Structures are given as structure tokens and as C-alpha cells.
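Please walk through the structure below, beginning with a feature of its surface and then turning to the backbone.

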Amino acid sequence: MPAAAADLGGNCCADLEERIAELEATTARKGNRKVKLTVSGWVNEAVFFWDDGVERNAYVGTNELEQSRFRVTGDAKISEDWTAGYILEVGANGVGSKSFDQDNTGNTAISVRKSAWFVSSKTLGKLTLGRFDTATYHLIDNLDTTLTRNVSDFEAAGIALGAFKIRSNGAFVGTTKWTDIMGGFNNGTPGQSGLRNTARYDTPEFAGFTASASWGEDDQWETALRYKGDIGDFKLAAAIGYGESTDPSSNGGQCNAGNGDCQWWGAGALVSHSPTGLYLYGGYAHNNLDLKPAQVADDNADTWYLQGGIERKWNDLGKTNIFVEYRNDDVGVSQKALSSNLDFWAAGIAQNIENADLTLYALYRHSDGDITTGAGKIGLDAFDMVITGAKMNF
């Protein structure tokens, strides 16, 4: 049947003007007509059920694995070859899950995640300046193109443990947190960097490969090589990167346990089989401290991670992902220990609802291990967590 617009009254020109005014009132405004403007983001809230062996509780808050956020982006075409653009991204925690501990249900926070401009050429590549991704930012995390990227990835164990304190035989080990005894400086994970004030260059894609380099802060430089391609029925994504900071105290984490340079590198891959939806995703990462004037402890941290699962569209709602994963951290000197050996297990399910651009998820996470301090080796009580929530894009 033919459809007709509503009659707003008056002549056709008045109707048209009224409709234009209505559209303008419901459309994001922009300062000029030369630069495009797009507003986007998501909200990611969940319930966190946790048990440290002595106490158990449930908190509601923002899942900081993929923190709620909104961003404003845009670009303008300079010529057939050149484009300029910008990104402004703000993170918003109702209460952030990384601030959870046994005595704190979380803190509210607003933070600037990204604020940068770029110029891009199809033939020469892209230069970005401002607070933005360094070359090894989410180096291994972003290889995961399945639904688990929003649920559980390479850094997820450190993020889920937040500020929770460790126990041994039921007693707290001082004020030591799980993330105090983990490696790296970005969410307790070696091999990857974070958002920094940086200058970054990315090459154009060549045969599936892109290279990146960045420099910033005081002084931190990084480089990375990434690949995406298809081999028959298989999709492959892989990355390798290296970074170094000459002022590790500015980064915190395990790097801050040293007093010299801090270096890291990581490599990972995801292989998925298109007809069946089966996939395998994993990575290895290494962190090294230069302890000066002389090495007095193990200054290395190694993390390896493996996730396997299946992602298929079994129903009309959208794709379903069922996965299991394992991560091991073999850490030398850290903020609160001479060494640590930690194991992390997880399993879960994620369901996408295409019509709402919504992902529902539920997973179980287990952590245990031991540390060595000046008092000797200490076995840690297991920490268990169930996380269930949803991430909705807009």
C-alpha cells in the first residue's frame, strides 16, 4: 500500500519548513559544513558476583573491560589524496569496576580517553597527534574480532580483578592487590601499552600488512606490525610489537618497580573458520626492567594466553559466542613481590541482538597462584567471579 506523510496543516511549503525544523531539532549540530560530525559510543553495565574465599558479595557497575563512553569524530576531504580529521572520546564510569575491592563498591569518574587530530594520505599513510593509541596499544586485544572482545580478552583478567586485595589462608597479605603482583603497566598485562600523549604514524596497507610507530610522554617509543587476510575458508589476524620507556615511573605498574628503562614486546593471532565459526585466539607477551645499579632480582615478566570458542548465528537474534580461555603470568619483581606465578581461567557466553546493537554476556572467572616475598613463598587463596551484563552501542 502507498504511504503518505502526515498532514501538518497549511500549504506544502509551510509543511516542508516545519519538517526541516523538526529534523534540525533532533540532529547533532556542528560548527561548520566542511567537517563531518559523528556522535557514537556505548553503555556497558554489569553485575559482578565475587568470592575471595572469606567474603562474597555482588556489585553493580561499569564494566571497564569496555568502559562506557561517547565520542565525537569527523573528517574533511582536502584533496583526492588527503583527508584531515579528529577524535574526541570521553569515558564515563557509573562506578568503575577497576575500583572495586572488598571494602569499596566503586567510584564514579569522567575521563578524557582520546583527544587528537590526524592527516591521512592514501599513498603516504596517516599521522595522528594528541592523546591517542600508541603503536602497541591493545596490540593483542584488538586481534579479537569476535563478541568476546567486549567480554573477555588478553587484558581481561587484570581488569576484572580491579583493586581487590589478595588473601592467604583467609588473611589479607597487607594491602597487596592482585594487580600489584602482575606484570606490565597497562591493566597488569605485559606486551601492550596504553593511551598516551603521542605522535603516531601508520603506513598504508600493503598486501594485508600495516606498520605503526609512535613517540611521546617522557620518553616512550613503540613500533608494531599488523596483518589481516584470508586463507581459503580461514580468516587470519596477527600482530607483533615492541616498546620502550626511559622513564618507567611515569607509567606505573611493574615498570615502576625498576629504576631504569622498561621494555616490552608482544605477539598474537586469531584464526577463525568461516563455515563452522570455530576460532582460536591467543598471544604471548614479555616485559623487562633494567634494575640499576645492579640486578638484584628477576626483572622479567611473561604472559601467555589462549582462548578457543565457536561463534555462529544459531537464532534470529544474532550471533552467539561460547568460549573458554586460560592465561598464565610468570612475573619477576613487581610492586609488592619478588616473583609471582598466577593462573587465570574463564568460560562464558555472549549473545548479540542485531536489531538493538546489543550484546548480552555472562562468564565465570577463576584466579589463583603464589608469590614470593622476603618472607618466602606464599600460596594465594582462589578468587572467583561471575560477571553478567550488557553492552549497548549507539
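A nonpolar patch, as used here, joins side chains of Val, Leu, Ile, Met, Phe, Trp or Tyr that lie within 5 Å, each residue having over 30% relative accessible area. The model is a predicted one.

On its surface, Phe209, Leu225, Ile240, Trp265, Leu280, Tyr284, Trp304 and Leu306 make up such a nonpolar patch, and together they have about 720 Å² of accessible area. Two or more of these residues come from each of two elements, strand 14 (278-289) and strand 15 (300-312).

Trp265, one of the patch residues, is located in strand 13, which covers residues 262-273. Its relative accessible area is 32%, so Trp265 is partly exposed; the partly exposed class lies between the limits of 20% for buried and 50% for exposed.

The backbone comes next. Asn169 is not a glycine, yet its phi is positive, at about 55°. Asn169 belongs to the loop that links strand 7 (165-168) and strand 8 (171-177). With a relative accessible area of 76%, Asn169 is exposed, because that class begins over 50%.

Another positive phi occurs at Asp357, also a residue other than glycine, where the value is near 50°. Asp357 sits in the loop between strand 17 (339-353) and strand 18 (358-373). Is Asp357 exposed or partly exposed? Its relative accessibility is 38%, and therefore Asp357 counts as partly exposed.

Conventions
Residues are numbered from 1 along each chain as its sequence is written. This is a predicted model: local features need pLDDT of at least 70, side-chain atom pairs count only at pLDDT 80 or more; totals for chains, interfaces and linings use all residues. Side-chain values use heavy atoms; hydrogens and water are left out. Patches are made of residues with over 30% relative accessible area and no salt bridge: like charges are joined within 9 Å, nonpolar side chains (Val, Leu, Ile, Met, Phe, Trp, Tyr) within 5 Å. Accessible areas come from the Shrake-Rupley method with a 1.4 Å probe; for residues, only the protein chains shown count as cover. A salt bridge is a side-chain nitrogen of Lys or Arg within 4 Å of a carboxyl oxygen of Asp or Glu. Helices (H or I, at least four residues) and strands (E, at least two) are DSSP runs, numbered from the N terminus. Buried means under 20% relative accessible area, exposed over 50%, partly exposed in between (1.4 Å probe, protein chains only).
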